[in-house]
Amino acid sequence: MAITEVAIYAHLSDADIEALGGELDRIRADVERGLGTRDANYIRRTITFQRTLDVVSRLAIALSRKRIGWMLGVGGLAVAKSVENMEIGHNVCHGQWDWMNDPEIHSTTWEWDMAGLSSQWRYSHNYRHHVFTNVLGMDDDIGFGVMRVTRDQRWRPYMLLQPLQNLVLAAAFEWGIAVHGLDAERARDTTGVEKAAQAKALIGKIARQTGKDYLLFPALSGRRWRRTLAATLTANVLRNMWAYVVIFCGHFPDGAEKFTPAVLERETKPEWYLRQMLGTANFDAGPVLAFLSGHLSHQIEHHLFPDLPSNRYAEIARRVRALCDEYDLPYTTGPLLHQYLLVMRTVHKLALPDRFLTATSDDAPETASERRFYGRNIIGIGEVHRSSGRRGLRTALRTAANATARVRTNPREERPFAVGLGRCTEC
């Protein structure tokens with residue numbers, strides 16, 4: 001099952017977690033003190049770049065006589081839509097730029113260029129997902145209600161179609177997000193009138209969005225409307241697929257752990273920080289790839305500080321990674337293709353009934369709990385060797401993997417019982 005005792009799983013004592021939380025609070029304070037003109041200019045330049053690229057790409061689609069011109073226009077439009085959704089819309093709606101007090105670039109006023117309503121998304125994402133990250137039954141983003149991404153989710157026969165569902169979700173990701181946001185809002189509404197109002201609001205946004213994309217711009221193209229319609233549809237699908245890849249690689253590769261609702265009982269801010277670090281994953285990216293992904297290549301940093309400007313994530317990441325080294329915690333990252341292939345392994349594997357799976361629900365690549373350390377000669381929870389440095393979760397995971405490999409090569413090898421599980425208060 002998922003992790004119930006985060007401190008035990010992380011091999012950290014209460015004092016360790018409090019100290020880690022203090023270090024992360026200092027990172028936040030340092031960044032907030034440094035916000036200013038450089039950051040404001042960054043987001044304004046980004047908006048100008050995105051809008052210019054959008055216009056130029058649409059002109060190329062409408063005016064070009066050759067296929068290469070159409071393809072370049074489609075590519076440019078897909079990039080413009082991706083930047084608007086991820087580096088601008090997603091981050092503005094998180095309140096990353098509210099400190100500027102600019103009424104145009106503010107979380108309460110920005111409406112993004114996609115089917116869903118930003119107001120509905122803010123509740124389902126900023127609250128349900130970011131507060132209760134990867135908590136089963138609380139975070140609706142675990143599989144988005146249509147995918148099985150952990151063995152804690154009960155297998156159903158329809159999940160045999162999960163590989164196909166995955167492809168449909170990728171191509172229609174904006175529509176899945178729109179429905180996802182509506183469902184979250186309707187779940188918290190108490191009357192039929194409120195639920196109907198939410199549905200009406202979304203229908204209105206969809207009408208405006210589809211009218212702009214699939215009626216207005218094709219109509220402006222005159223006799224070449226089919227060319228413009230095909231270009232817009234293609235750009236939207238490409239944008240959807242890119243957003244899907246980025247989001248899935250930040251939440252569902254190996255190492256992005258899941259948690260039971262018990263972790264929320266009396267959870268402190270430092271414990272919340274720790275849960276974010278264990279429940280998310282990065283992928284390696286240079287400046288261009290990071291920009292195109294809305295800097296969600298730094299998903300760990302984004303979940304730690306969702307309302308700090310995205311252009312600061314790279315510098316924050318250096319300090320977060322140093323903390324992971326200091327506390328012997330894993331910093332889950334890897335090349336984008338590698339992370340995506342891990343996600344695809346999970347999606348296809350968990351489409352099958354549990355009886356066809358070999359690993360346990362406590363010790364599988366995509367699902368783990370503190371019980372994975374039972375029956376193995378692993379370093380004691382929270383134990384610190386002052387002479388040789390900290391021995392924590394990263395070391396424990398490596399030791400456990402080596403023990404598993406030895407057992408596979410020598411099944412008769414005995415596995416000594418684990419050190420007692422419990423928080424270390426004297427480390």
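In the predicted model, cysteine 93 is buried, at 1% relative accessibility. Cysteine 249 is likewise buried, with a relative accessible area of 0%. The disulfide count is zero.

The largest nonpolar core comprises 42 residues, of which Trp97, Ile105, Trp110, Phe144, Phe173, Tyr244 and Phe248 touch the most other members. At least two residues of this core come from each of several helices, including α3 (37-63), α4 (67-93), α7 (173-188) and α14 (336-349). Helix α9 supplies the largest share, eight residues. Leaving aside residues up to four places away in sequence, phenylalanine 248 touches Phe144, Asn166, Leu169, Phe173, Pro253 and Val343. A second, separate core contains 39 residues, among them Phe132, Leu274, Cys324 and Phe373.

Salt bridges number 27. Arginine 239 and glutamate 174 form one of these, with an N to O distance of 2.9 Å. This pair links helix α9 to helix α7 across 65 residues of sequence. Both partners are buried: arginine 239 has a relative accessible area of 2%, and glutamate 174 is at 3%.

Arginine 394 and aspartate 325 form a salt bridge at 3.0 Å; the former lies in helix α15 and the latter in helix α13, so parts 69 residues apart in sequence are tied together. Here arginine 394 is partly exposed at 26%, as is aspartate 325 at 48%.

Lysine 349 is paired with glutamate 366, also by a salt bridge, at 3.0 Å. Glutamate 366 lies in the loop between β1 and β2 and is buried, with a relative accessible area of 1%. Shared partners join Lys81, Asp113, Lys212 and Asp213 into one salt-bridge network.

Definitions and conventions. Residues are numbered from 1 along each chain as its sequence is written. This is a predicted model: local features need pLDDT of at least 70, side-chain atom pairs count only at pLDDT 80 or more; totals for chains, interfaces and linings use all residues. Side-chain values use heavy atoms; hydrogens and water are left out. A nonpolar core is a set of buried Ala, Val, Leu, Ile, Met, Phe, Trp, Tyr and Cys residues joined through side-chain atoms within 4.5 Å. Buried means under 20% relative accessible area, exposed over 50%, partly exposed in between (1.4 Å probe, protein chains only). Helices (H or I, at least four residues) and strands (E, at least two) are DSSP runs, numbered from the N terminus. Contact means heavy atoms within 4.5 Å. A disulfide is a pair of cysteine sulfur atoms within 2.5 Å. A salt bridge is a side-chain nitrogen of Lys or Arg within 4 Å of a carboxyl oxygen of Asp or Glu.
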